[in-house]
Amino acid sequence: MLGKVSGGDVTASSSEDCVNIHSYSSDFLNGGVIFQKFRDEIQELRLEVLLLREEVNKNKQRIVSLEDKKKRYGNEVKKRVDSMLLLISDYGGSLTSSSIKAYMGLSKDEFYRTLKYAKDEGLIEVLPDPNDRRGYILNINLNASKKIIRF
């Protein structure tokens, strides 16, 4: 009666009752292979976190630098607008765009950025030049004379 039992002779009441038990050798647990793997992974994660922190700090410095540059650039445009308003007022309150560009020594891009800022702030009126199809006549607004800053 107590002979060998084959796999076909054994039946289980339900699959949930069966537990898959793995037998680990004592060398595997005592040797710390699992723990060593965890330690290695934790060390890799630490290094990755340190690298990410360095990258975040570099990006923060870049952002601060770009914001400072933007502020400086805005101040430069404001100074050019003030200079342009002084120039126009010195020449009777009206000048052509080509004259202003030549007198101030501005590039095309610098001139149009300055012109846009002054126009958006309502400091000047921009009218088409009848003598030059592509040019403009810039008239200073009367209210703008109060905003001109003398150096």
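Modeller: Asp40, Glu41, Glu44 and Glu48 together form a negative surface patch, where a patch takes residues with over 30% relative accessible area and no salt bridge, joining like charges within 9 Å, and a salt bridge is a side-chain nitrogen of Lys or Arg within 4 Å of a carboxyl oxygen of Asp or Glu. This is a predicted model, in which local features need pLDDT of at least 70, side-chain atom pairs count only at pLDDT 80 or more, and totals for chains, interfaces and linings use all residues. Residues are numbered from 1 along each chain as its sequence is written, and side-chain values use heavy atoms, with hydrogens and water left out.

As for the rings, the structure contains 2 aromatic pairs, counted when ring centres lie within 6.5 Å, with planes under 30 degrees apart called stacked, over 60 edge-to-face and the rest tilted. Tyr91 and Tyr103 are stacked, at 5.3 Å centre to centre and 15° between the planes. Because Tyr91 sits in the loop between H2 and strand S1 (94-96) and Tyr103 in helix H3 (residues 97-104), this pair ties together parts 12 residues apart in sequence. Phe111 and Tyr112, with centres 5.3 Å apart and planes at 70°, are edge-to-face; Phe111 is buried at 1% relative accessibility, whereas Tyr112 is partly exposed at 35%.

Conventions:
Patch = residues over 30% accessible without salt bridge, like charges linked within 9 Å, V, L, I, M, F, W, Y side chains within 5 Å. Areas by Shrake-Rupley, 256 points an atom, 1.4 Å probe, with all protein chains shown as cover. Lys, Arg positive; Asp, Glu negative; His and termini not counted. Charge placed at Lys NZ, Arg CZ, Asp CG, Glu CD. Phe/Tyr/Trp six-rings, centres within 6.5 Å; stacked < 30°, edge-to-face > 60°. Helix = DSSP H or I, 4+ residues; strand = E, 2+ residues; numbered from the N terminus. Buried < 20%, exposed > 50% of the residue type's maximum accessible area, 1.4 Å probe, protein only.
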